[in-house]
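Reader: Hi! I've got a chain here and would like to chat through it with you. Could you take a look?

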Amino acid sequence: LFNGVHWDPPAEEQYTFRHPRPEKPANLKIYEAHVGMASCDPRVATYSEFARDVLPRIKRMGYNCVQLMAVAEHAHYGCFGYHVTTFFAPAS
């Protein structure tokens with residue numbers, strides 16, 4: 001069974017957007033990325049490093065969408081997201 005609940009907050013509790021909605025691009029250009037491989041060093045990169053080092057390059061190349069590969073634990077990050085050892089609670 002499904003029990004749906006509808007919440008209709010009063011006007012003073014509704015979210016107010018601070019910025020206008022971006023224009024819809026004419027074409028969708030998707031860049032698939034793996035956060036853990038965002039470093040040239042032989043280690044797992046962090047989300048902060050990905051945001052600092054990779055996202056600006058993706059934007060410069062003209063992509064307007066980023067698809068992140070699933071967050072999962074891997075025995076070897078050089079496998080580009082395959083050979084997953086666990087789908088839950090990654091240690092990195």
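Reader: Let me start with a side chain: is Phe 17 buried or exposed?

Author: Phe 17 is exposed, with a relative accessible area of 69%. Here buried means under 20% relative accessible area, exposed over 50% and partly exposed in between, with a 1.4 Å probe and protein chains only. Before we go on, this is a predicted model: local features need pLDDT of at least 70, side-chain atom pairs count only at pLDDT 80 or more, and totals for chains, interfaces and linings use all residues. Residues are numbered from 1 along each chain as its sequence is written, and side-chain values use heavy atoms, with hydrogens and water left out.

Reader: Thanks! How many aromatic pairs does the structure hold?

Author: There are 2 aromatic pairs. Rings of Phe, Tyr and Trp (its six-membered ring) pair if their centres lie within 6.5 Å; planes under 30 degrees apart count as stacked, over 60 as edge-to-face and the rest as tilted. One of the pairs is Tyr 15 with Phe 17, edge-to-face at 5.0 Å centre to centre and 85 degrees between the planes. Tyr 15 is exposed too, with a relative accessible area of 58%.

Reader: And why is the pair of Tyr 31 and Tyr 63 edge-to-face?

Author: Their planes are at 80 degrees, with the centres 5.1 Å apart, so the pair is edge-to-face. Tyr 31 lies in strand β1 and Tyr 63 in the loop between α1 and β2, so this pair ties together parts that are 32 residues apart in sequence. Helices (H or I, at least four residues) and strands (E, at least two) are DSSP runs, numbered from the N terminus.

Reader: How exposed are Tyr 31 and Tyr 63?

Author: Tyr 31 is partly exposed at 22%, and Tyr 63 is partly exposed at 29%.

Reader: Which residue lies over the face of Tyr 63?

Author: That is Lys 29, at 4.9 Å from the ring centre. A charge sits over a ring if NZ of Lys or CZ of Arg is within 6 Å of the ring centre and within 35 degrees of the ring normal.

Reader: Switching to the helix: where is the kink in α1?

Author: It lies at Val 54, is about 35 degrees, and comes shortly before the proline Pro 56. The bend at a residue is the angle between axes fitted to the seven residues ending there and the seven starting there. Just after α1, Gly 62 takes a positive phi of about 95 degrees.

Reader: Which residues of α1 are buried, and what do they pack against?

Author: The buried ones are Glu 49, Phe 50, Val 54 and Ile 58. They pack against β1 (30-33) and β2 (65-68).

Reader: Last one: what pattern does the chain follow along the sequence?

Author: The order is β-α-β-β-β, which comes to 1 helix and 4 strands. Buried residues make up 20% of the 92 residues in the chain.

Definitions and conventions. Contact = heavy atoms within 4.5 Å.
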